[in-house]
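Open the model in your viewer and keep the sequence panel beside it. We will go from the whole chain to single residues.

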Amino acid sequence: MTRSVSAVRQVRRPQGEPRREDFAFITEPLAGPGDGQVLVENIYLSVDPYMRELMDFGGWEKGAGLEGRTLGRVIESRVTALPVGTIVFHRHGWCTHAALAEADVRVVTPVDGVPLSAFLGILGGTGLTAYVGLTRIARLQPGENLFISAAAGAVGSAAGQIARLLHAGRIVGSAGSAAKVEHLTTRLGFDTAFDYHAGPIPDSLATAAPEGIDVYFDNVGGDHLAAAIDALRDHGRIAWCGAVAQYNSLDDPPAAPYNLFDIVGKSIRLEGFLVRDHMDAREEFEQFLIPHVRRGGIKVDETVTDGFDTIVDAFLGMLRGENTGKMLVRATRE
């Protein structure tokens with residue numbers, strides 16, 4: 001019987017918010033691995049906000065599908081160090097199978113008491129992004145007040161939980177609904193949170209953090225960034241991770257925050273970062289966090305859709321904020 005691989009390709013550049021018509025599913029014959037390769041059946045695939053930018057800038061295609069963080073199982077091997085059954089991480093996503101060289105994969109060793117999916121979320125690049133942003137970029141200190149935008153998303157929810165382990169003072173989050181606000185405060189340990197639709201963001205933040213904030217972890221930009229600059233104390237820090245507020249308007253970006261010069265007046269430090277520049281922190285990060293995940297001190301916060309055919313809808317839903325925590329697609333059972 002001829003085997004096949006299913007994959008997704010981008011077929012047009014979106015105009016504003018992406019739509020299903022911007023993508024196409026394809027099916028091709030599945031060849032076995034070549035010399036020095038393994039054939040991987042993908043189990044979990046990640047969909048992330050940065051992919052929206054790739055839709056405009058190009059360079060997203062990779063292998064059969066599109067670039068994306070993925071966990072899979074080796075089902076055929078021509079690499080001695082990667083026998084059949086090995087679980088691997090790779091970036092040849094948006095497809096059901098991938099033929100990969102040893103250099104393309106990183107072996108993932110499952111941990112008792114930890115869901116495999118966590119290695120794409122709180123224990124993967126998502127959690128590492130939050131950890132690096134807090135410890136290396138913002139240099140969060142015990143007792144300092146922290147504001148996180150898009151706090152119910154993948155990185156935001158990880159940052160809030162990690163900040164609690166780092167003994168932050170008051171942890172404040174913004175989210176897009178009352179249900180998400182409740183999720184942050186009752187499940188993830190935020191001190192308080194607000195729905196950014198409920199009123200002016202500066203007013204909501206001032207109410208949530210009446211004494212001001214020391215650190216802002218920015219996933220949104222726009223009005224959230226301006227509000228955070230208002231609320232930051234002298235010598236505050238901003239770790240700028242994302243700007244979801246403008247991902248659908250890259251051809252007509254918003255003006256800079258009206259109060260940008262307050263960064264000078266308050267001696268605020270703003271630094272953008274990419275986690276790929278901090279991969280040397282992975283071992284330290286895993287040693288710190290895995291014990292907390294195993295004992296339940298850190299929640300594996302995720303939204304999972306079942307079936308490879310749900311990947312486009314999962315991506316679009318994530319951009320609309322339909323998820324809490326990490327958005328993943330389960331392509332096949334573990």
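## The whole chain

Start with a cartoon view: the protein chain has nine helices and 16 strands. Helices (H or I, at least four residues) and strands (E, at least two) are DSSP runs, numbered from the N terminus. The chain's radius of gyration is 20 Å, close to the 20 Å that the globule rule gives for 334 residues, so the chain is as compact as a globular protein of that length. That radius is taken over C-alpha atoms, and the globule rule is 2.2 Å times the number of residues to the power 0.38.

This is a predicted model: local features need pLDDT of at least 70, side-chain atom pairs count only at pLDDT 80 or more, and totals for chains, interfaces and linings use all residues. Residues are numbered from 1 along each chain as its sequence is written, and side-chain values use heavy atoms, with hydrogens and water left out.

Now show the C-alpha trace. Along its principal axes it spans about 65 × 45 × 35 Å. Of the 334 residues, 53% are buried. Buried means under 20% relative accessible area, exposed over 50%, and partly exposed in between (1.4 Å probe, protein chains only).

## Stop one: helix α3

Select residues 154-165, which form helix α3. How far apart are its end C-alpha atoms? They are 17 Å apart, which agrees with the 16 Å that twelve residues should span at 1.5 Å a residue. The expected span is 1.5 Å times one less than the number of residues.

Eleven of the twelve residues in α3 are buried. Among them are Ala154, Gly160, Ile162 and Leu165. Next, show what covers them: α2 (125-137), β10 (171-175) and α8 (282-294) are included.

His167 is not a glycine, yet has a positive phi of about 65°. Is His167 buried or exposed? At 56% relative accessibility, it counts as exposed.

## Stop two: the nonpolar core

Select Leu123, Leu134, Phe217 and Leu289. Of the 53 residues in the largest nonpolar core, these four touch the most other members. Such a core is a set of buried Ala, Val, Leu, Ile, Met, Phe, Trp, Tyr and Cys residues joined through side-chain atoms within 4.5 Å. In soluble globular proteins, nonpolar side chains tend to be buried together.

Zoom in on Leu289. Leaving out residues up to four places away in sequence, Leu289 touches Ile122, Leu123, Ile162, Leu165 and Ile298. A contact means heavy atoms within 4.5 Å.

## Stop three: strand β5

Select residues 65-77, strand β5: ten of its 13 residues are buried, so it is largely enclosed by the rest of the structure. Two strands pair if DSSP finds at least two bridges between them.

- β3 (residues 37-46) pairs with β5 in the antiparallel sense over seven bridges. Find Val40, opposite Val74 in β5.
- β4 (residues 61-62) runs antiparallel to β5, joined by two bridges. Here Glu61 stands opposite Leu66.
- β6 pairs with β5 in the antiparallel sense over six bridges. The partner of Gly72 in β6 is Val88.

Finish at Trp94, in the loop between β6 (87-93) and β7 (97-101). Trp94 has a positive phi of about 55°, and is buried, with a relative accessible area of 0%.
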